[in-house]
Amino acid sequence: MTDFAEYTPEYTTIWSFPERGNWATHNAKYRGNFAPQIARNIIEMYSEKGDSILDPMVGAGTTLIEAKLLARNALGMDINPEAVRISEKALDFKHQPPSKQKVQVGDARDLSFLKDNSFDLILTHPPYMNIIKYSNGQIPGDLSNMSSLPKFCDEIEIIAKELFRVLKPDKFCAILIGDTRKGRHYVPLAFNVMRRFQKAGFVLKEDIIKIQHNCKFTERWRYKAVRDRFYLIMHEHLFVFRKPNVDEDLSKLKFSTFL
Ligand SMILES: C[S@@+](CC[C@H](N)C(=O)[O-])C[C@H]1O[C@@H](n2cnc3c(N)ncnc32)[C@H](O)[C@@H]1O
């Protein structure tokens with residue numbers, strides 16, 4: 001396991017963490033949680049000490065643990081009360097200099113209790129449709145219950161619009177999302193999600209390829225993949241978007257905006 005002392009910042013668009021970070025209260029038990037190295041890189045690159053960070057689908061709290069270690073204030077939300085309980089427990093440690101983190105139950109599609117232009121950075125990680133079911137159909141509004149790509153993207157667009165509203169201009173919103181396969185064909189979930197974020201007004205700053213490690217079922221699927229001529233998906237996209245300034249001339253960014 002990688003200790004904090006072994007952490008070095010990334011400087012290319014390909015990120016690979018064969019050993020997930022094991023420092024502070026991080027643990028890999030929450031299914032599908034991202035490596036602490038992802039949160040640390042994004043927070044260090046796009047925010048300053050004392051800034052406010054939002055993760056509206058916080059899961060086991062990886063973003064908020066890193067926010068605390070890096071002295072950023074942060075709000076985490078999750079539709080699943082169990083995730084909120086796990087995150088609160090993970091945040092129960094002392095750290096200097098002090099900062100404030102709060103986790104609450106909530107739906108990322110409705111951030112009406114938050115003011116416009118109030119966060120310096122957003123980092124989040126939605127379910128990849130129903131690849132991992134977080135509440136097995138028990139919690140209405142849980143995006144991991146959705147099996148229809150268009151319907152999932154419509155919900156993501158609602159979230160993207162809310163995130164655009166609450167982020168300060170000229171600040172960044174990073175989202176980790178993977179793809180899937182149906183009928184042995186590739187379903188570009190990530191690019192569909194990317195376009196919905198662009199539609200909400202964001203401009204694309206980065207598309208970072210995150211290599212996946214320790215994928216379950218890889219050995220079982222290997223034989224099938226060779227037999228049926230498809231490749232096993234071993235990467236995710238970490239999109240970094242920027243919210244443009246109000247009167248910003250976007251004509252120079254025409255290749256980065258929604259076509
Ligand atoms: C991939 S996990 C996030 C993992 C997190 N990055 C971590 O490291 O622990 C996605 C989370 O989104 C939550 N979720 C699903 N639908 C939601 C919604 N509408 N609003 C808020 N959270 C939601 C799920 O309960 C799940 O905890």
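Predicted model: local features only at pLDDT ≥ 70, side-chain atom pairs only at ≥ 80, totals over all residues.
The second largest pocket holds about 230 Å³ of space.

**Second largest pocket**
- The lining of the second largest pocket consists of 13 residues.
- Nearest the centre of this pocket lie Thr25, Asn27, Ala60, Ile86 and Ala90.
- Two elements, α2 (62-69) and α3 (81-90), each give two or more residues to the lining of the second largest pocket.
- Helix α3 contributes the most to this lining, with three residues.
- By residue class, the lining of the second largest pocket has five nonpolar, five polar and three charged residues.

- Ile65 counts as buried because its relative accessibility is 2%, and buried means under 20%.
- Ile65 and Phe93 are 28 residues apart along the chain, and their C-alpha atoms are separated by 9.4 Å.

- Met234 sits in the loop that runs between α6 (218-228) and β10 (235-242).
- The relative accessibility of Met234 is 33%, so Met234 counts as partly exposed; that class lies between under 20% for buried and over 50% for exposed.

Methods: Residues numbered from 1 in each chain as written. Heavy atoms only, no water. Helix = DSSP H or I, 4+ residues; strand = E, 2+ residues; numbered from the N terminus. Buried < 20%, exposed > 50% of the residue type's maximum accessible area, 1.4 Å probe, protein only. 1 Å grid on protein atoms, 1.4 Å probe; cavity = no way out; pocket = protein on both sides within 12 Å on 5 of 7 lines; lining within 4 Å. Points joined across faces, edges and corners; volume = space filled by probe spheres on them. Nonpolar A, V, L, I, M, F, W, Y, C, P; charged D, E, K, R; others polar.
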